[in-house]
Amino acid sequence: MVEGVVRSDRRSIARAISYMEDGHTEIKKEIMEKLYSHCGKAHVVGITGPPGIGKSTLIGNISVLLAKKGMNVSVLAVDASSPYSGGSLLGNRIRMQENLFNYGIYMRSLANRGARGGLSESCMGAVNVLDASGSEIILIETVGAGQADLDIMNLADTTILVLGPGLGDQIQAIKAGIMEIADLFVINKMDIDGSYFAMKDIEEVISMDDPRGYKRRVTGTSATDHAGYDELVGTILDHGRYLSGEGTIGRKRFLMGARWILESEIGRIIIDPAMDAIKKKGTDRNPYVLAEKIISQLNAEISKEL
Ligand SMILES: Nc1nc2c(ncn2[C@@H]2O[C@H](COP(=O)(O)OP(=O)(O)OP(=O)(O)O)[C@@H](O)[C@H]2O)c(=O)[nH]1
Ligand SMILES: [Mg+2]
């Protein structure tokens, strides 16, 4: 199956992702280890925002533009509240899926909050499968609400927050949390009144960014007018280049990886016994000694695992 994934065989990709959703930890771990040497090339883009703001429509449109540039594109819809539709009309939905298929774009919904690991863990697994299969860009759609969403965004190299007209209060609420982790902003539904003000709102927020860091941008898009997508694709690719150019991507992925280790089921297999052993040993208040103990205990647990 792993060989199939690496060959980009669609059935193997689908099976491997299903294991990531439902498989036992041991199987997931084995698959992830075998995929490891094939991973690391994909640019992972998380797209979040309130329900109905137009995320699926947007992703449908930009994934086609990316595919037309010759890129290998995949789409993951996480816990989508509505089927991948690109519009509420059934005809629209069929057209969107046909369109993605015709451009060779791989699309998959993840909706399983099964007992073995959470949704964000399945998503992390799916990203690794797609990365190993040769996807150059992986677009993840998730509804902008709550912790699970933030965890999924913790997977993305580039996080895009989609907002729209008439979200004044929501923008206030969002400013505190996800605003900080978003790298790029989109005001969708530019064809609707009020979008201009939403755009100004975001511009004001990002004008306060630290000038030494990445200069965040906001792009206006409209599905009705098919406008803004070229510019948006430009900013996404630009952010990807920024990350690899700056070497920031290594640090960012390392930190995200460390969080996964601490929070995932796989991590718990190693970390919990180590922590238990340390707790039994005593009541150290000395952080230097404690740090050394933790590391040697983790080393012991890891070699046991290997
Ligand atoms: N006027 C206008 N309508 C849009 C635009 N983009 C999307 N829509 C419509 O907004 C509705 C929701 O679009 P979706 O793409 O399904 O939105 P979503 O954010 O993916 O929704 P959820 O996945 O349910 O959170 C559909 O009826 C779209 O046709 C736009 O730019 N302008
Ligand atoms: Mg959607």
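Lys189 is buried in this predicted model, because 24 other C-beta atoms lie within 10 Å, where a residue is termed buried if 20 or more other C-beta atoms, placed from the backbone, lie within 10 Å of its own, exposed if 12 or fewer, and partly exposed in between. Lys189 is placed in the loop between β6 and α10, and has a positive phi of about 60° although it is not a glycine. Helices (H or I, at least four residues) and strands (E, at least two) are DSSP runs, numbered from the N terminus. The model is predicted, and local features need pLDDT of at least 70, side-chain atom pairs count only at pLDDT 80 or more, and totals for chains, interfaces and linings use all residues. Residues are numbered from 1 along each chain as its sequence is written, while chains are lettered from A and ligands numbered from 1 in the order in which they are written.

The loop between β6 (184–187) and α10 (195–206) also holds Asp193, which counts as exposed because it has 9 C-beta neighbours inside 10 Å. His226 belongs to the loop between β7 (217–220) and α11 (229–246) and, with 10 C-beta neighbours inside 10 Å, counts as exposed. Pro273, within helix α13 (residues 265–281), is partly exposed, with 16 other C-beta atoms within 10 Å. Pro273 and Glu301 are 28 residues apart in sequence, and their C-alpha atoms are 7.4 Å apart in space.

The protein chain has 14 helices and seven strands, and buried residues make up 36% of its 306 residues. Of the contacts (C-beta atoms, placed from the backbone, within 7 Å) with a separation of 6 or more, 74% are between residues 24 or more positions apart. Apart from neighbours within four places in sequence, Ala126 is in contact with Ile17, Met20, Leu76, Arg108 and Leu110.

Helix α3 packs against two helices, α2 and α6. Helix α2 (residues 10–22) and helix α3 (residues 25–35) pack at an angle of about 135°, with axes 8 Å apart; axes are lines fitted to C-alpha atoms, for helices over the stretch in contact, and angles run from 0 to 180 degrees between N-to-C directions. The pair α2 and α3 is therefore oblique, given that angles under 35 degrees count as roughly parallel, over 145 as roughly antiparallel, 65 to 115 as roughly perpendicular and the rest as oblique. Ala16, Tyr19 and Met20 in α2 meet Ile27, Lys28 and Ile31 in α3. The residues of this contact divide into five nonpolar, no polar and one charged, where Ala, Val, Leu, Ile, Met, Phe, Trp, Tyr, Cys and Pro count as nonpolar, Asp, Glu, Lys and Arg as charged, and the others, Gly among them, as polar. By contrast, α3 and α6 (residues 119–132) pack at about 30°, with their axes 10 Å apart, and are therefore roughly parallel to each other.

Terms used. Two residues are in contact if their C-beta atoms, placed from the backbone, lie within 7 Å.
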